[in-house]
Amino acid sequence: MRTPITTLQLPAHAATRLAMAAGQITANPYTETDAFAVQADAAAQLLDDGLASVLDRFAKGQIQSALFLRGVPVPQSLPRTPAASFHLLLAPQRTRAEAVLATVGARLGEIFAYREWDGGQLVQNRYPIAAHHGVQTASDASDLVLHTEACFTAYPPDFLALLGLRCDPAGEARTVVADIPRALALLTPAQRKILRDPLYVFPTDRGPHTHGGRRTTAPVPVLHDSGQGPVLEYSTLLSAISSAGVSTLTALEEALNRCALTVELGTGDLLLIDNRRTVHGRTTFHPTYDGSDRWIQRVLMLRQLPPSGRIVPDTRLAHYPTEYLKALALPV
Ligand SMILES: O=C(O)CCC(=O)C(=O)O
Ligand SMILES: [Fe+2]
């Protein structure tokens, strides 16, 4: 049984300070990327001491691996939830929540984006899109499987921040998080060792390898060591090329599910995720596509930007299944 995540209600004075700090950001997040990020960095220095210290401890990995903040100041009036991808809208309106989200995000790290996704926008708007139905992506409403963000790319984010603008009116959509160290502790040392073997692949028609007559990505380990301890890169969509790998993946999935917590992102709810210590996903919901559906905004952060800058390539793109790329209208 999944239990709710620990919640931190933002005190009124901290919310006021956050709104004031975000109010210093004048750049448009969608058209003035660099200026927006620079202003967000400056705004992140203006937070009240209490919130700043919680965020700093979170960024250093000193507290829980996912943090749920409520009472984040977001605009009360919101346009209807759009029907198409935000970066494809003819007249994308900023909601003014972007600045608040980016102010908190910039306290954790450098905001960045993937060039090929969301038109490279630094703030990503996520809501169900009818044409994406049945596709494993955040803009679908089906079960979004547990994953670490952008796993196996050259630049997986260190942190993600998800801000609720409009909750799912039916109250079904729940974001799921599971603490990786806790889940790994439920496995045996032998299982953890097998996770370090290069046995794990994604099935894809564009993969360079073949396994059991099916094309796959190149086999890689899912667990490796970084300077800061073990790092898991994971998606429930992975499969394994040996029976030991298969049973270990099953054990890992079960362990992650046992550690899973859920949270409903309502208006002004902000979920901070440490992507090195947490997997996340989302439950199925049933949108109506009539402008009233769930709407969240997201920023991704790296502790340090790569030399190439704030907009980075998704280095896995070439190996995504053709059907997936087509469904998302990405170049095939
Ligand atoms: O819709 C959600 O709650 C989670 C979406 C997600 O996984 C993401 O935006 O990275
Ligand atoms: Fe995600």
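A polar contact is a pair of N or O atoms within 3.5 Å; within protein, one of the two must be able to donate a hydrogen and the other to accept it. By this rule, seven residue pairs are in polar contact across the interface of domain 1 and domain 2, with both residues of each pair at pLDDT 80 or more. The model is a predicted one. This briefing covers how its two domains meet.

**The two domains**

- Domain 1 is made of two stretches of the protein, 3-172 and 262-327.
- Domain 2 covers residues 187-258.
- Between the C-alpha centres of domain 1 and domain 2 the distance is 27 Å.
- Domain 1 brings 19 residues to the contact, and domain 2 brings 20 residues.

**Buried area**

- The size of an interface is often given as the accessible area lost when the parts come together.
- For domain 1 and domain 2 the buried area is about 1500 Å², and 60% of it lies on carbon and sulfur atoms.
- On the side of domain 1, the residues that lose the most area to domain 2 are Leu146, Phe152 and His319.
- Together, Leu146, Phe152 and His319 account for 39% of what the domain 1 side buries.

**The side of domain 1 that touches domain 2**

- Strand S6 (144-147) and helix H8 (322-327) are the elements that each give two or more residues to this side.
- S6 gives the most, with three residues.
- By residue type, this side of domain 1 has 10 nonpolar, six polar and three charged residues.

How values were computed
Residues are numbered from 1 along each chain as its sequence is written. Chains are lettered from A and ligands numbered from 1 in the order in which they are written. This is a predicted model: local features need pLDDT of at least 70, side-chain atom pairs count only at pLDDT 80 or more; totals for chains, interfaces and linings use all residues. Side-chain values use heavy atoms; hydrogens and water are left out. Domain bounds come from an automatic or database domain assignment. Contact means heavy atoms within 4.5 Å. Buried area is the accessible area (1.4 Å probe) that two parts lose on being put together, summed over both. A polar contact is a pair of N or O atoms within 3.5 Å; within protein, one must be able to donate a hydrogen and the other to accept it, and residues adjacent in sequence count only if both atoms are side-chain atoms. Helices (H or I, at least four residues) and strands (E, at least two) are DSSP runs, numbered from the N terminus. Ala, Val, Leu, Ile, Met, Phe, Trp, Tyr, Cys and Pro count as nonpolar, Asp, Glu, Lys and Arg as charged, and the others, Gly among them, as polar.
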